[in-house]
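Please read the report below alongside the sequence and the model, taking one topic at a time.

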Amino acid sequence: MHELTMRAPDDFHVHLRQGPAMAAYASRSAACFARFLVMPNVVPPPVSAVGVADYRRAVESALATSAHRAATLMSFKIVPGMGRDAVLACAGAGAVAGKYYPAGAITNSADGVPGPEAVHEGLAAMEDAGLVLSIHGEDPLAPVLEREEGFLPVVDSIVARYPRLRVVLEHLSTAAAVDAVRNWPVRVAATITAHHLSFTIDDLAGERLDPGYFCKPLLKTARDRNALVAAAISGDGRFFFGSDSAPHPPAAKATGAAGVYAAPVAISLAATVFEGAGALDRLERFVSESGARFYGLPLNEGGLRLTREPWTVPAELDGVVPLAAGTTQVWRASRV
Ligand code: NCD
Ligand code: ZN
């Protein structure tokens with residue numbers, strides 16, 4: 001197949017950051033995605049109606065210069081001591097999800113959650129308000145390769161304690177997490193990134209250390225990757241796409257920041273994975289349908305055209321080294 005047009009996709013997990021660089025990052029995402037859920041790990045974090053509204057305004061003005069239109073979905077950060085009123089105020093400001101970062105797990109998460117008990121009132125309010133609980137599922141105290149599996153019991157306890165709460169376990173990286181999601185009720189879903197579908201820890205560290213592949217959760221084994229691919233192509237609506245595009249400028253990468261700038265290449269990578277698995281016809285469900293259905297949103301209008309037209313991922317884009325820099329990609333994506 002040389003060309004394929006599908007419904008314009010959603011990105012249910014993207015970091016657009018803050019400040020002057022946002023405009024470039026937002027336009028890059030809008031070139032492929034018609035809608036995205038913006039993660040709240042900025043400083044100060046959006047934890048109130050004003051915070052959510054301010055960050056939305058910043059994202060929308062960053063998008064104003066983009067050649068493509070895109071709708072923004074906002075999230076707030078769940079912080080210890082956040083009461084019912086603050087959660088309902090964030091919902092009132094239009095946030096669709098609250099993000100749970102275990103304290104210390106990742107970029108700007110020192111103010112995260114030490115344990116679910118510390119945010120009980122907030123989680124109960126989210127359940128009542130019909131908000132989605134978005135979880136960075138890693139136990140920062142476990143060995144780095146075991147952090148995701150080590151956090152699954154915490155997710156288990158949250159799923160059991162809040163029987164109506166909708167939950168998204170973000171950026172799955174292990175076969176164990178895929179199994180867990182399959183075994184939870186259908187109100188629990190998961191995002192999967194293009195990089196966890198495409199690469200393993202050997203791409204990061206098998207030869208020379210390549211920080212362009214360094215993200216949390218770490219890329220894992222081929223067995224894990226295969227389980228993720230099987231879930232993504234299965235058509236099971238509980239598994240949908242979130243890029244976890246998380247740009248860091250070179251100076252931050254040089255000092256070890258976790259996060260990959262995936263937005264420029266994510267759809268090309270995902271198309272290659274689905275094609276390789278003989279499932280290109282199911283890509284649309286994974287990137288453009290299942291997530292919207294889980295979040296209870298209308299499907300996007302407009303389309304995305306994929307053309308078989310090899311291109312080389314540049315060494316630098318928007319002041320950042322993109323994911324898979326220097327590789328040749330088979331599929332080129334453009335919104336139509
Ligand atoms: C993300 C970032 O830099 O904001 N980094 C990453 O490695 N994934 C944080 C996150 O996704 O939680
Ligand atoms: Zn992320």
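## The second largest cavity

In this predicted model, helix 9 supplies the largest share of the lining of the second largest cavity, with 3 residues. The space in this cavity comes to about 30 Å³, and its lining consists of Ser173, His196, Phe199, Leu219, Lys220, Thr221, Asp224, Arg225 and Leu228. When these lining residues are divided by class, 3 are nonpolar, 3 are polar and 3 are charged.

## The largest cavity

A search of the whole structure for cavities of 30 Å³ or more finds 2 of them, and the largest holds about 110 Å³ of space. Its lining has 18 residues, and those closest to the centre of the cavity are His15, Ile106, Lys216, Asp244 and Ala246. By class, this lining is made up of 6 nonpolar, 8 polar and 4 charged residues.

Lys216, one of the residues closest to the centre of the largest cavity, is joined to Pro217 by a cis peptide bond, with omega at about -10 degrees. Pro217 itself is found in the loop between helix 8 (201–205) and helix 9.

## The largest pocket

The largest pocket has a volume of about 240 Å³. Its lining is formed by 15 residues, and Arg28, Cys32, Pro264, Trp311 and Ala333 are the ones that lie nearest its centre. Strand 11, which spans residues 328–335, gives the most to this lining, with 5 residues, and the lining as a whole has 9 nonpolar, 3 polar and 3 charged residues.

## Overall form

The protein has 12 helices and 11 strands. Its radius of gyration is 18 Å, close to the 20 Å that the globule rule gives for 336 residues, and it is therefore as compact as a globular protein of that length. Taken along the principal axes, the box that the C-alpha atoms fill is roughly 50 × 40 × 40 Å.

Of the 336 residues in the protein, 56% are buried. Among contacts with a separation of 6 or more, 72% are between residues 24 or more positions apart. The protein exposes about 12,700 Å², and carbon and sulfur atoms supply 55% of that area.

Within helix 6, which covers residues 175–183, the buried residues are Ala175, Ala177, Val178, Ala180 and Val181.

Leu37 has its place in strand 3, residues 35–38, and it counts as buried because its relative accessibility is 0%, where the cut-off for buried is under 20%. Leaving aside residues up to four places away in sequence, Leu37 touches Asp11, Phe12, His13, Val14, Leu73, Met74, Ser75, Val96, Ala97 and Tyr295. One of these contacts, Met74, is 37 residues from Leu37 in sequence, while the two are 5.7 Å apart in space from C-alpha to C-alpha.

His195 is found in helix 7, residues 194–198, and with a relative accessibility of 1% it also counts as buried. With residues up to four places away in sequence again left out, His195 touches Cys215, Leu219, Ser243, Asp244, Val260, Ala262 and Leu323. Among these, Leu219 also belongs to the lining of the second largest cavity, whereas Asp244 is one of the residues closest to the centre of the largest cavity.

## Backbone details in the loops

A cis peptide bond also joins Val43 and Pro44, with omega at about -5 degrees, and Pro44 lies in the loop between strand 3 and helix 2 (49–63).

Two residues other than glycine have a positive phi: Arg17, where phi is near 65 degrees, and Ala324, where the value is about 65 degrees. Arg17 lies in the loop between strand 2 (10–14) and helix 1 (22–30), and at 14% relative accessibility it counts as buried. Ala324 lies in the loop between strand 10 (303–312) and strand 11, and it too counts as buried, at 1% relative accessibility.

Technical notes
Residues are numbered from 1 along each chain as its sequence is written. Chains are lettered from A and ligands numbered from 1 in the order in which they are written. This is a predicted model: local features need pLDDT of at least 70, side-chain atom pairs count only at pLDDT 80 or more; totals for chains, interfaces and linings use all residues. Side-chain values use heavy atoms; hydrogens and water are left out. Buried means under 20% relative accessible area, exposed over 50%, partly exposed in between (1.4 Å probe, protein chains only). Helices (H or I, at least four residues) and strands (E, at least two) are DSSP runs, numbered from the N terminus. On a 1 Å grid over the protein atoms alone, a cavity is a set of points where a 1.4 Å probe fits but cannot get out, and a pocket is an open set with protein on both sides within 12 Å along at least five of seven lines; lining residues have an atom within 4 Å of a point. Grid points are joined across faces, edges and corners, and a volume is the space filled by probe spheres set on the points. Ala, Val, Leu, Ile, Met, Phe, Trp, Tyr, Cys and Pro count as nonpolar, Asp, Glu, Lys and Arg as charged, and the others, Gly among them, as polar. The radius of gyration is taken over C-alpha atoms; the globule rule is 2.2 Å times the number of residues to the power 0.38. Contact means heavy atoms within 4.5 Å. Accessible areas come from the Shrake-Rupley method with a 1.4 Å probe; for residues, only the protein chains shown count as cover.
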